[in-house]
Amino acid sequence: MEFKLNMDLGNSKKMPGLDKTKVFDLLIVGSGPAGLNAALYAKRKGLSVGLVGKKTGGQVIDTTSVENYLGFEFKTGEDLIKEFSQHVASLEVPLLKDAEVASLEKIEDWIHINLSTGEVLKARSVILATGSRPRRLGVKGEDDFLGKGVAYCAICDGPLFEGLDVIVAGGGNSAVEAAIDLAKIANSVTLVHRSQFRADQIVIDKLNTYSNVKVHLETEILEVQGGPLMSGIVVKDKATGETRTIEANGLFVEIGYLPNSGYAKGFVQMNNKEEIIVNALNETSVPGVFAAGDVTDIPYKQIIIAASEGAKAALTANDYINRLK
Amino acid sequence: MSLLNEQLQGQLRTIFADMKNDMTLAVFTQKDGCETCEDTVSFMKEIEALSDKIHFEALDIDADQERAKAYNVKMVPSIVMLNDKKEYLGIKFNGIPAGHEINSFIPAILEVSGAGEALPESFLNQISAIKDPVNIKVFVTLSCPHCAGAVQKAHKLALESPMIDAEMVEAQTFYALSDQFNVSSVPKIVINDQYEFVGNQPLEVFLEEIAKTQSA
């Protein structure tokens, strides 16, 4: 039997709570790799800094294995975040947990963070590092069968499909890794992707070692079918134009991410994907407001890239605060 | 051989040092046909040994029918948490809270001992308006990192309202019940066996769904 005690509980190094009435030099919204690394850099520079988080670790927590973070050959997503959080906690950066940011405002020189509870946090500068969430397929039936076969977290929901037939949609690392995880539990796994693999060759090779996995590339998903539970999907072979049905009990959607930027709409400039536009210094269109990681328009959403963008944003914020003083 | 390794025991002792009052883990089992009962009891006994304030009580769903009824226990293994006055506050775990669920189980012990954090006032007003009984089932798997968060929220609501009974249901142990509620994504939250949503949603969403069960 395994026990996965959380870092917030089981460690003497724990981030203290955040004093909501205090005015900070810098508040960081988001507690994934970008936010945590920004906190580390800002605190070491001597800024008064606080973290406003919803889910410590962000999407990394839902990742089974991370094998491309320099210095760690293999870590579960959770263990990697544990290392990150403990490092930040050792510097006693205060953290506001389970916080939902509703909107942002700049009033004179202060950035106001309006929380969904009605409370307002104030800082001279902020870093937006709110990450992203799984993208949906946007096909007929996907919403209807959400939680009735359609799933977005393979490690969470995989055990519910023991001995059943499942489909994984997507061709990147997340999709291939989900397929590998599911191959150990499910009767069969069919990976369906509309173009060619984007995943690293090393994980594709691993996937190919499982005999219960089928791969359909250049195949588009048109519809999720069933009733009351999902029974299969309709796909179109892009080469021949033929449509057919693949029967399955579950569909795991791993086709990339959408930025969590809704609260900042109309406040900072975004591109047509609703990613926050930043320059090389992580500055947004509003002075004193910086952004980092998956929520921004930087290419390649990777843990190590998000973390280093967080560091850059903190260093720029530090320069900004020093200019104000 | 103990289930909890030494490192984990040490961490839990530190956490339990923050407990305020005594509390009881009342564990319901059954003689036959319960695969996970033995492990659950061993686990609970190990937890009991980590703090003087934690007490273990063994109950049988058949022999102790009256008490099972009082705590709305319908399946085994079921862990019911009682406060220092041996009162049931609406906090229950069906199935073994191992894996990631230790992160809802340990905080619940602290909460029942009176060492929890208060909810913001805006929520308390809404919770005090709940007049009709509410049952919240939170279906989880032990490999789900964010399920414990949903269980914690449901339990927090139960603590704040005498009308709310909140229970974790480990989906694989209680396969038939999970099947009945079409659980294929976790956490799945089912309120009064009627209203449901998926995911570790904000407390606002829990309260919105609960409001649907209340008579006008």
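This report walks through a few strands of chain A and the overall build of chain B in a predicted model.

## Reading the model

Because the model is predicted, local features need pLDDT of at least 70 and side-chain atom pairs count only at pLDDT 80 or more, while totals for chains, interfaces and linings use all residues. Residues are numbered from 1 along each chain as its sequence is written, and chains are lettered from A and ligands numbered from 1 in the order in which they are written.

Let's start with strand 10 of chain A, residues 188-192. Helices (H or I, at least four residues) and strands (E, at least two) are DSSP runs, numbered from the N terminus. Four of the five residues in strand 10 of chain A are buried (20 or more other C-beta atoms within 10 Å of a residue's own, with C-beta atoms placed from the backbone).

Strand 9 (residues 165-169) of chain A pairs with strand 10 of chain A in the parallel sense over five bridges; pairing takes at least two DSSP bridges between the strands. Here Val166(A) has Val189(A) as its bridge partner. On the other pairing, strand 10 of chain A and strand 11 (residues 213-216) of chain A are parallel, with four bridges. There, His216(A) is the bridge partner of Val192(A).

## Chain B as a whole

Chain B holds eight helices and eight strands. Of its 216 residues, 48% are buried. The C-alpha trace of chain B spans about 50 × 35 × 35 Å along its principal axes.

Notes:
Buried ≥ 20, exposed ≤ 12 C-beta atoms within 10 Å, placed from the backbone.
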